[in-house]
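Thanks for sending this one over. My comments follow as numbered points, starting with the ligand surroundings.

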Amino acid sequence: MTTTGGGPLDLRTAAAELGVHYQTAYGWVRGGRLKATLVGGRYVVARADLDAIMLERSAPSDPKPPGARRLARAAERMHDALLEGDEPVARQVALGLVIEGTSITDLIQMVFVPPLIRIGQAWHEGLLTISVEHRTSGIVERILGELAPRRRGRRRGTALVAAVSGDNHALPTSMAAAALRDDNWKVEHLGADMPPSELLQFCAEHPVTVAVISSTNPDTAELAKKTASEILAAGTPVILGGPGRTLRELVDLARQASRTSRT
Ligand code: B12
């Protein structure tokens, strides 16, 4: 949409053309949304700037991202697709939601996690084979790798993400990495089964703002805890996560930890 040519307008006329109250237009000028220059003590708006804001206002506003009920239905479809090893459908469900505005954190937490828990439970009860469970992990891992974070401005810092030796659950580390990247962190994703000494060395040699340890295997929970204490004692803030802890919690804790970090 364009206005019909002409020179600059005073703010009152510009407000009238925009169909808003003078005070609203004044607020936009003060807030930087509408460009205006002070001429002889009065605000003047260039035609091009008026056109720009008219165009912005006529553009359709972003539709709301899918709500909790849609995500729950998507989780059902995801469960079935994962169970059948139908990778194209799983990908379509996930990427479709992202295009519609679902955040990566919500996608993982509400669409991937519930099916994984169900599949893990069914495997535990002997209702599913290891092959199905491994195939599922592979599909989820590949799709997580395709999720592009929305980079915005300056990074919050660097987060190291790993699980300790003996914990082969790489997926929760990938989930944590994806959620943190989406929250504008640089992520050093070292994955599962990392020797504690290597983690300590990495933190000593790199500017790590926060170390994130995902702990999923109950047999290595103590080692994860001990490693976290050692990393903290050596001067790097650390957060330890495990089953049932959410990615939103992780993102909040990482932000808090960055406030106490040296880097
Ligand atoms: C896939 C899987 C595997 C795969 C992993 C493949 C991979 N690439 O990751 C493989 C085959 C390797 C595997 C192996 C085993 N597994 Co397994 N596995 C699973 C399964 C199905 C999904 C794991 C997962 O991704 N969980 C992540 C999500 C779904 O759940 P979550 O735990 O709530 O995780 C959240 C937090 O961790 C958070 N998060 C991540 N990082 C951080 C950091 C912070 C700070 C915060 C706040 C949050 C946070 O992110 C996640 C999402 O929100 C689970 C089922 C389940 N309930 O999890 C079983 C499960 C974890 N496995 C289990 C078991 C027993 C094993 C084995 C011991 C089996 C065996 N006998 O060999 C081995 C152990 C191997 C080893 N040495 O580690 C059990 C654990 C039981 C228990 N807790 O007592 C489970 C629960 C299955 C079950 N129902 O019995 N497993």
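1. The shell around the ligand is built from several elements: α6 (104-124), α7 (130-146), α8 (171-182), β6, β7 and α11 (247-260) each give at least two residues. Helices (H or I, at least four residues) and strands (E, at least two) are DSSP runs numbered from the N terminus. The largest share, eight residues, is supplied by α6.

2. Please keep in mind that this is a predicted model, with pLDDT of at least 70 needed for local features and 80 or more for side-chain atom pairs, while totals for chains, interfaces and linings use all residues. Residue numbers start from 1 along each chain as its sequence is written.

3. Which residues come nearest to the ligand? Of the 38 around it, they are Gly120, Leu171, Ser214, Gly241 and Pro243; a residue is near if its C-beta atom, placed from the backbone, lies within 6 Å. By class the shell has 17 nonpolar, 16 polar and five charged residues. Here Ala, Val, Leu, Ile, Met, Phe, Trp, Tyr, Cys and Pro are nonpolar, Asp, Glu, Lys and Arg are charged, and the others, Gly among them, are polar.

4. The chain is divided into domain 1 (9-58), domain 2 (68-146) and domain 3 (158-260), with bounds from an automatic or database domain assignment. Domain 2 and domain 3 each contribute at least three residues to the ligand shell. Between the C-alpha centres of domain 1 and domain 2 there are 49 Å.

5. On overall form, the radius of gyration of the chain is 25 Å, whereas a compact globule of 263 residues would have one near 18 Å. That radius is taken over C-alpha atoms, and the globule rule is 2.2 Å times the number of residues to the power 0.38. Along the principal axes, the C-alpha atoms fill a box of roughly 75 × 45 × 20 Å.

6. The chain has 11 helices and seven strands. Four of the strands make an open sheet, ordered β5-β4-β6-β7 and paired in parallel; pairing requires at least two DSSP bridges between two strands. At its edges are β5 (186-194) and β7 (238-241), each pairing on one side only. Direction ignored, neighbouring strands here are turned by 20° against each other on average.

7. Within that sheet, β4 (residues 158-164) and β5 share six bridges in the parallel sense, and alanine 162 has glycine 191 of β5 as its bridge partner. Helix α9 (residues 196-205) lies across β4, β5 and β6 (210-214), at about 170° to β4. Helix α10 (residues 221-233) lies across β4, β6 and β7, at about 170° to β7. Contact means C-beta atoms, placed from the backbone, within 7 Å; axes are lines fitted to C-alpha atoms, for helices over the stretch in contact, with angles from 0 to 180 degrees between N-to-C directions.

8. The other sheet to look at is open and antiparallel, with three strands in the order β1-β3-β2. Its edge strands are β1 (9-10) and β2 (37-39). Three bridges join β2 to β3 (residues 42-45), and leucine 38 stands opposite tyrosine 43 in β3.

Conventions:
Contact = placed C-beta atoms within 7 Å.
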